[in-house]
Amino acid sequence: MPKITYIEQNGNSKTIEVDNGLTVMEGAVQNNIPGIDADCGGGMACATCHVYVEDSWLNKLPKTEEAEQDMIDMAYKPNKNSRLSCQIIVSDEIDGLTVTTPEKQT
Amino acid sequence: MIKTDVVIIGAGPVGLFAVHQLGIKGLKSEVIDNLDKAGGQCIELYPDKPIYDIPAVPECSGKSLTDNLLEQIKPFGSKIHLNERVQEIKEDKGLWTLKTSNNKTFTTPNIIIAGGVGSFEPRKLPLKELTKFEGKSVFYSVTDKTLFKNKKISIFGGGDSALDWALEFSKYSKVTLIHRRNEFRGAPHTLKELEKLKAEGKITIKTPFQIDTVNEGKEIKFINIKNDNEKTEKIETDIVLGFFGLIMQLGPIAEWGLNMDKKKIKVNTENFQTKKPGIFAIGDICTYPGKLKLILSGFHEAALASVECFKRARPNETYRFQFTTSSKEIQDRLGIKK
């Protein structure tokens, strides 16, 4: 099972095995990872599952769609590494992905 | 003081359908919502996005779902109190009293919380120092345009609201539009107009930039903005406007002593009552083992909660399950003439 690492702003980090096909957001919510609210439940409608993807992974992930970028505009402190974790689908290809959660989501 | 059988908090699809389920049982209800229109997330977040999982409706939009629900509950004449938030609730001998932000009071044996993820509020700029200027020189919506005449205005955001106000204020103020990336999301004619004003020097556009700091003191004089490469620029400004859409805040509900699990209210799955008798939670705001955040699940929850509401509102009557297809009583309540 692919492993995903979630790092909080205070440096706490948790590595979790997430089933293929789930999203990085679902992996966090199902395992009580703090820092991801996912208010809309994965509908790309709220920008509260915002994460920063580690530099080395940025180009390995499937590109963002325009709608995701539009939504990231609304996120708290976005930067070039920003993604919505509900739009990153877990697969063997992203085994080892590391994301950092923002200081807060709203 | 408004007396009713049930107060429903939240006019989203699930709150609206609760009116129906209560109405066919002969119960009166009043709905309260913080937004300026009914529909909840369906209207505020995705009015035009198609929904494909409403039973027997192969495809509909958030807007059409809302319109149809409003049509369906028309016969019951429930009032929807908009732009109002329930601030506090109190219990006395099995009756609840609610107070809203507009100082309306309601008494009722039943409260159904169908509040989604909470009430919608504008998302703010991520700079704490701006909080003290809010309502004076920092705004997240525009109510009085005259405040924005002959000023230096910094507008943050890349969507329609940011663009529309940038165009409007550029007619009589010095506008700087600041956005975190180079692409704007707006109607084609708006984007064209923006390009034109930029070329004529009537609007300054700063991308990809975000807010960094603001001057100290009692009045805003300038802000500093920063890009991903840590390059900063100083912008002289009197007013800062931010348009980052709406977020959902649970608000006062969190303080009502209900059993909370993260931002959700725990309920039983027999009648969706919370640990407080007479307070129910349905739709996205409730949680129980196996809960799915689907509109159809919310509809089911509304139906079951309405039965318990009946028992509490009519303690001397016996609840009788009836079908809309055959019950004369229900058809009368629906105003059906044969």
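Two strands count as paired if DSSP finds at least two bridges between them. Helices (H or I, at least four residues) and strands (E, at least two) are DSSP runs, numbered from the N terminus. This is a predicted model, in which local features need pLDDT of at least 70, side-chain atom pairs count only at pLDDT 80 or more, and totals for chains, interfaces and linings use all residues. Residues are numbered from 1 along each chain as its sequence is written, while chains are lettered from A and ligands numbered from 1 in the order in which they are written.

β21(B) and strand β22 (residues 264-266) of chain B run antiparallel and are joined by two bridges. B:M260 has B:I265 in β22(B) as its bridge partner. Strands of a sheet pair through backbone hydrogen bonds, either parallel or antiparallel.

Now take chain B as a whole. Chain B holds seven helices and 24 strands. Its C-alpha trace spans about 75 × 40 × 40 Å along the principal axes. The chain is divided into domain 1 (2-121 + 247-333) and domain 2 (124-244). Those domain bounds come from an automatic or database domain assignment. The C-alpha centres of the two domains of chain B lie 39 Å apart. Of the 338 residues of chain B, 40% count as buried. A residue is buried if 20 or more other C-beta atoms lie within 10 Å of its own, exposed if 12 or fewer, and partly exposed in between, with C-beta atoms placed from the backbone. Two residues are in contact if their C-beta atoms, placed from the backbone, lie within 7 Å. Among contacts in chain B between residues at least 6 apart in sequence, 58% join residues at least 24 apart.

Next, follow strand β19 (residues 239-242) of chain B. In a regular strand the side chains alternate between the two faces of the sheet. B:I239 and B:L241 point one way from β19(B), B:V240 and B:G242 point the other way, and all are buried. Strand β12 (residues 138-139) of chain B runs parallel to β19(B), with two bridges joining them. Here B:F139 stands opposite B:L241. Strand β13 (residues 152-156) of chain B also pairs with β19(B) in the parallel sense, over four bridges. In that pairing, B:F156 stands opposite B:G242.

Another parallel pair in chain B is strand β14 (residues 174-178) with strand β15 (residues 203-206), joined by four bridges. B:L177 has B:I205 in β15(B) as its bridge partner. Together with helix α5 (residues 188-199) of chain B, β14(B) and β15(B) make a right-handed β-α-β unit. Right-handed is meant in this sense: with the strands pointing away from the viewer, the path from the first strand over the helix to the second runs clockwise.

Helix α4 (residues 160-169) of chain B brings several of these elements together. Its buried residues are B:S161, B:A162, B:L163, B:W165, B:A166 and B:F169. The cover over them includes β13, β14, α5, β15 and β19 of chain B.

One loop residue deserves a look. B:L27 lies between α1 (13-23) and β3 (29-32) of chain B. With 24 C-beta neighbours inside 10 Å, B:L27 counts as buried. Leaving aside neighbours within four places in sequence, B:L27 is in contact with B:D5, B:V6, B:L22, B:C309, B:F310 and B:A313. The C-alpha atoms of B:L27 and B:S78 are separated by 10.0 Å, and these residues are 51 apart along the chain.

Turn to chain A. It has three helices and five strands. From the N terminus on, its elements run β-β-α-β-α-α-β-β. The radius of gyration of chain A is 12 Å, close to the 13 Å that the globule rule gives for 106 residues, so chain A is as compact as a globular protein of that length. That radius is taken over C-alpha atoms, and the globule rule is 2.2 Å times the number of residues to the power 0.38. Of the 106 residues of chain A, 42% count as buried.

Finally, the two chains touch. The contact takes 16 residues from chain B and 14 residues from chain A. The chain B side divides into seven nonpolar, three polar and six charged residues. Ala, Val, Leu, Ile, Met, Phe, Trp, Tyr, Cys and Pro count as nonpolar, Asp, Glu, Lys and Arg as charged, and the others, Gly among them, as polar.
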